[in-house]
Amino acid sequence: MGSRSWTILSRIETAAEYAFVPSLIALICVYLALTTPFFLTSLNVTNILVQGSVLAIIAFGTTFVILSGELDISMGSVVALVSVVAASVMQSADSIPLGLLVGVLLGAAVGAVNGLIVTLL
């Protein structure tokens, strides 16, 4: 019985460790929803989701790098470079599709060079 209760206790402690951050975020959201009239507006929720989508895409790619046993801290720099170049092309050429194409191609090129450097060195 002793080992079974220890297993249950360790599972409860592990669940509590994993639940801390989501619980804290939920608590902050409830507090802001009750104290701020603008928190639960559709404009604010849309803004949060749009800004979070970029971070989610980067985190998705970083997950595979970490799972393969490597570490890449250049993703933020690549995102900044691609964003600035794509926005500059969009503004100077007055063409959103061209800017998107340049951004995707530049991101792929920088990623390929970065991948080659990591694998060859």
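## Pockets, an aromatic pair and a loop residue

Helix 3 gives the largest share of the lining of the largest pocket, 4 residues. The model is predicted: local features need pLDDT of at least 70 and side-chain atom pairs pLDDT 80 or more, while totals for chains, interfaces and linings use all residues. Residues are numbered from 1 along each chain as its sequence is written, and side-chain values use heavy atoms, without hydrogens and water.

Helices are DSSP runs (H or I, at least four residues), numbered from the N terminus. A pocket is an open set of points on a 1 Å grid where a 1.4 Å probe fits, with protein on both sides within 12 Å along at least five of seven lines; lining residues have an atom within 4 Å of a point.

| Pocket | Volume | Lining by class |
|---|---|---|
| Largest pocket | About 350 Å³ | 6 nonpolar, 5 polar, 1 charged residues |
| Second largest pocket | About 160 Å³ | 3 nonpolar, 3 polar, 2 charged residues |

Residues lining the largest pocket include Val54, Met75 and Asn114. Among those lining the second largest pocket are Val65, Glu70 and Asn114, and helix 4 provides its largest share, 4 residues.

Phe60 and Phe64 form an edge-to-face aromatic pair, 5.1 Å centre to centre with 90° between the planes (ring centres within 6.5 Å, planes over 60 degrees apart). Both lie in helix 2 (residues 42-67), 4 residues apart, so about one helical turn separates them.

Asp94, in the loop between helix 3 (75-93) and helix 4 (96-120), has a positive phi of about 55°. Most residues other than glycine have a negative phi. Asp94 is exposed, at 72% relative accessible area (exposed means over 50%, 1.4 Å probe, protein chains only).

Methods. Helix = DSSP H or I, 4+ residues; strand = E, 2+ residues; numbered from the N terminus. Buried < 20%, exposed > 50% of the residue type's maximum accessible area, 1.4 Å probe, protein only. Phe/Tyr/Trp six-rings, centres within 6.5 Å; stacked < 30°, edge-to-face > 60°. Points joined across faces, edges and corners; volume = space filled by probe spheres on them. Nonpolar A, V, L, I, M, F, W, Y, C, P; charged D, E, K, R; others polar.
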